[in-house]
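Please read the following alongside the sequence and the 3D view.

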Amino acid sequence: MSIGFNWFKKYRIINRLPESTLFDWYGIEYLDGDSTSHSAGNIIKVQNLIEKYSGKRIPTVNEDFIDSVIYKLDLINPEEMVEICNKILANTECDEVDMRDRIEWFKKLSEEGYYLTYDFE
């Protein structure tokens with residue numbers, strides 16, 4: 001099973017239904033970025049490393065919880081993510097779980113000013 005991974009500089013919450021309906025259904029649109037998919041097992045390894053060295057996790061976005069166009073994601077600032085990645089890369093643990101390349105990539109994206117999220121699956 002693969003899960004979406006997103007990197008972006010901005011995002012926008014959008015109402016996916018016409019204003020004439022009784023219910024709202026919101027979604028997210030990532031701007032100035034791209035996406036790919038990662039395996040659930042690798043996501044767990046990366047998230048565990050990030051949490052161990054920072055107490056945080058890359059946000060997982062569940063569109064079902066977005067309740068208005070002013071909804072805010074709890075993102076890790078790119079500068080902070082660079083620091084987190086540096087802490088992880090300074091240790092051999094990322095090699096032991098074979099995630100050095102992934103952490104280096106996340107660091108590079110963050111150095112370029114991108115925010116990171118995973119999709120909820």
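Two rings of Phe, Tyr or Trp, the last taken by its six-membered ring, count as a pair if their centres lie within 6.5 Å. Planes under 30 degrees apart make the pair stacked, planes over 60 make it edge-to-face, and the rest are tilted. The model discussed here is a predicted one, and the structure holds nine aromatic pairs.

One of these pairs is formed by Phe 5 and Trp 7, whose ring centres are 5.7 Å apart. Their planes meet at 35°, so the pair is tilted. Phe 5 has a relative accessibility of 0% and therefore counts as buried. Trp 7 also counts as buried, because its relative accessibility is 13% and the limit for buried is under 20%.

Trp 7 has a further ring partner in Trp 105. Here the centres are 5.3 Å apart and the planes stand at 75°, so this pair is edge-to-face. Trp 7 belongs to strand β1 and Trp 105 to helix α4, so the pair ties together parts that are 98 residues apart in sequence. Trp 105 has a relative accessible area of 29% and is therefore partly exposed. Ring pairs join Phe 5, Trp 7, Trp 105, Phe 106 and Tyr 118 into a cluster. Another ring, that of Tyr 114, has Lys 9 over its face, at 4.8 Å from the ring centre.

Strands β1 and β4 run antiparallel and are joined by six bridges.

Asn 6 is another residue of strand β1, which spans residues 2-8. Is Asn 6 buried or exposed? Asn 6 counts as buried, because its relative accessibility is 5%. Its side chain makes a polar contact with the side chain of Asp 119, at 2.9 Å. Beyond its sequence neighbours within four places, Asn 6 is in contact with residues that include Tyr 30, Asp 34 and Ser 35, as well as Tyr 115, Leu 116, Thr 117 and Tyr 118.

The core can be taken up from Leu 116. In soluble globular proteins, nonpolar side chains tend to be buried together. The largest nonpolar core in this model has 23 residues. Which residues have the most contacts inside the core? They are Met 81, Ile 88, Phe 106 and Leu 116. The elements giving two or more residues to this core are strand β1, helices α1 (40-54), α2 (78-89) and α4 (100-111), and strand β6 (115-119). A second, separate core has six residues, among them Ile 13, Tyr 26, Val 61 and Leu 73.

The contacts of Leu 116, leaving aside neighbours within four places in sequence, include Phe 5, Asn 6, Trp 7 and Phe 8. Others include Ile 58, Pro 59, Leu 75, Met 81, Phe 106, Leu 109 and Ser 110. Ser 110 is found in helix α4 and counts as buried, because its relative accessibility is 3%. Apart from residues up to four places away in sequence, Ser 110 touches Pro 78, Met 81, Val 82 and Leu 116.

Leu 31 has its place in strand β3, and its relative accessibility of 26% is why it counts as partly exposed. The C-alpha atoms of Leu 31 and Phe 8 are separated by 5.8 Å, although the two are 23 residues apart along the chain. Not counting residues up to four places away, Leu 31 touches Phe 8, Lys 9, Lys 10, Tyr 11 and Arg 12.

Trp 25 lies in the loop between β2 (10-15) and β3 (26-31). Trp 25 counts as partly exposed, because its relative accessibility is 44%. Trp 25 and Glu 63 are 38 residues apart along the chain, and their C-alpha atoms are separated by 8.7 Å.

Key. Residues are numbered from 1 along each chain as its sequence is written. This is a predicted model: local features need pLDDT of at least 70, side-chain atom pairs count only at pLDDT 80 or more; totals for chains, interfaces and linings use all residues. Side-chain values use heavy atoms; hydrogens and water are left out. Helices (H or I, at least four residues) and strands (E, at least two) are DSSP runs, numbered from the N terminus. Buried means under 20% relative accessible area, exposed over 50%, partly exposed in between (1.4 Å probe, protein chains only). A polar contact is a pair of N or O atoms within 3.5 Å; within protein, one must be able to donate a hydrogen and the other to accept it, and residues adjacent in sequence count only if both atoms are side-chain atoms. Contact means heavy atoms within 4.5 Å. A nonpolar core is a set of buried Ala, Val, Leu, Ile, Met, Phe, Trp, Tyr and Cys residues joined through side-chain atoms within 4.5 Å. A charge sits over a ring if NZ of Lys or CZ of Arg is within 6 Å of the ring centre and within 35 degrees of the ring normal. Two strands pair if DSSP finds at least two bridges between them.
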